[in-house]
Amino acid sequence: MKTLTLLIAAAFALSACGGQPEATAEQATTQALAVQPAAPVVTLNLDWDTFRKRVDEDFESAGFGFAKIPASMKPEGDANAARLTVMLPINDNLVGNIASDPATGKLTSITATVGANEDAAENLKNFSSAALMLSAADGDDGNKTVGGKIIKMAGDAINEFAKQAEKDSTANVNKSFVENGVKYGIFVSGNMPVMMFAEPAENK
């Protein structure tokens with residue numbers, strides 16, 4: 001702030017000598033902002049390859065019958081992208097969206113979108129699969145350490161939403177918890193698929 005004040009003061013001093021105050025002040029502000037360091041990106045302690053490996057192993061162990069995530073698939077974006085992203089279409093009712101920091105390769109968020117299915121067993125499978133994707137953020141044993149908590153959170157949110165929706169058609173439910181620096185959350189509403197996510201707890 002001190003640097004910015006001095007630069008703007010210098011701009012007004014130049015204007016008294018026949019300069020162009022508006023243009024000079026704008027240039028001074030731009031220069032001051034340019035020297036400010038960019039805030040570091042908050043990420044999960046997880047890169048794409050590790051995420052893919054954990055999810056493939058957990059899906060296989062659960063016997064869900066899903067194909068392995070292709071080795072050629074990875075987060076992508078243009079040269080100036082703030083985040084690289086990749087979409088994982090697991091089935092018609094379950095889609096993952098993964099974002100990463102281009103500078104470090106670390107993931108910044110794991111999101112799973114779960115659509116409703118008339119088959120209750122299929123719904124359970126999809127929510128369990130979403131929980132496994134999110135739990136990859138907690139390490140190789142994430143399915144054991146936080147997987148159950150994520151499923152419980154999802155069940156509680158859906159039951160709470162069902163009760164609220166009986167009285168209010170615009171009802172929605174948000175639930176979350178933090179474990180080992182990671183925030184796990186869910187959003188349920190009547191007009192869109194269920195959204196589940198894992199992101200750094202410090203994420204803004």
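Okay, ground rules. We're looking at a predicted model, so local features need pLDDT of at least 70, side-chain atom pairs count only at pLDDT 80 or more, and totals for chains, interfaces and linings use all residues. Residues are numbered from 1 along each chain as its sequence is written, and side-chain values use heavy atoms, with hydrogens and water left out.

Let's start with the overall picture. The chain has 6 helices and 6 strands; a helix here is a DSSP run of H or I with at least four residues, a strand is a run of E with at least two, and both are numbered from the N terminus. Going along the sequence, you read α-α-α-β-β-β-α-α-α-β-β-β. Of the 204 residues, 36% count as buried. Buried is under 20% relative accessible area, exposed is over 50%, and partly exposed is in between, using a 1.4 Å probe and protein chains only. When I say contact or touch, I mean heavy atoms within 4.5 Å. Taking contacts between residues at least 6 apart in sequence, 47% join residues at least 24 apart.

Now, helix α3, residues 48-62. How far apart are its end C-alpha atoms? They are 21 Å apart, and that agrees with the 21 Å you'd expect for 15 residues at 1.5 Å a residue. The expected span, by the way, is 1.5 Å times one less than the number of residues. At the start of α3, a side-chain oxygen of Asp 47 comes within 3.4 Å of the backbone nitrogen of Asp 49. Just past the other end, Gly 63 has a positive phi of about 70 degrees.

Which residues of α3 are buried? Trp 48, Phe 51, Arg 52, Arg 54, Val 55, Asp 56, Asp 58 and Phe 59.

At its start, a side-chain oxygen of Asp 119 reaches to within 2.9 Å of the backbone nitrogen of Ala 121. Its buried residues include the run from Asn 126 through Phe 127, Ser 128, Ser 129 and Ala 130, and on to Ser 135. Asn 123 is on the list too, at 18% relative accessible area. Leaving out residues up to four places away in sequence, Asn 123 touches Gly 115, Ala 116 and Asn 117.

So what does α4 pack against? Two packed helices are described by the angle between their axes and the distance between the axes. The axes are lines fitted to C-alpha atoms over the stretch in contact, with angles from 0 to 180 degrees between N-to-C directions. For α3 and α4, the angle is about 145 degrees and the axes are 9 Å apart. On the α3 side you have Phe 51, Val 55, Asp 58, Phe 59 and Ala 62, meeting Ser 129, Leu 132 and Met 133 of α4.

Then there's α6, residues 147-165. The axes of α4 and α6 come within 9 Å and cross at roughly 130 degrees. That makes the pair oblique, given that under 35 degrees is roughly parallel, over 145 roughly antiparallel, 65 to 115 roughly perpendicular, and the rest oblique. From α4 the contact uses Phe 127, Ser 128, Ala 131, Leu 134 and Ser 135, and from α6 Gly 147, Ile 150, Ile 151, Ala 154 and Ile 158.

Over to the strands. Gly 96 lies in β2 and is buried, at 0% relative accessibility. Gly 96 touches Val 86, Met 87, Leu 88, Thr 111, Ala 112 and Met 133, again skipping residues up to four places away. Met 195 is 99 residues from Gly 96 in sequence, but 9.9 Å away in space, C-alpha to C-alpha.

Val 178, in strand β4, is exposed at 52%. With residues up to four places away left out, Val 178 touches Lys 183 and Ala 201.

Last stop: Asn 180, in the loop between β4 (172-179) and β5 (182-189). Asn 180 isn't a glycine, yet has a positive phi of about 55 degrees. Is Asn 180 buried or exposed? Exposed, at 62% relative accessibility.

Technical notes
Polar contact = N/O pair within 3.5 Å; in protein donor to acceptor, adjacent residues only side chain to side chain.
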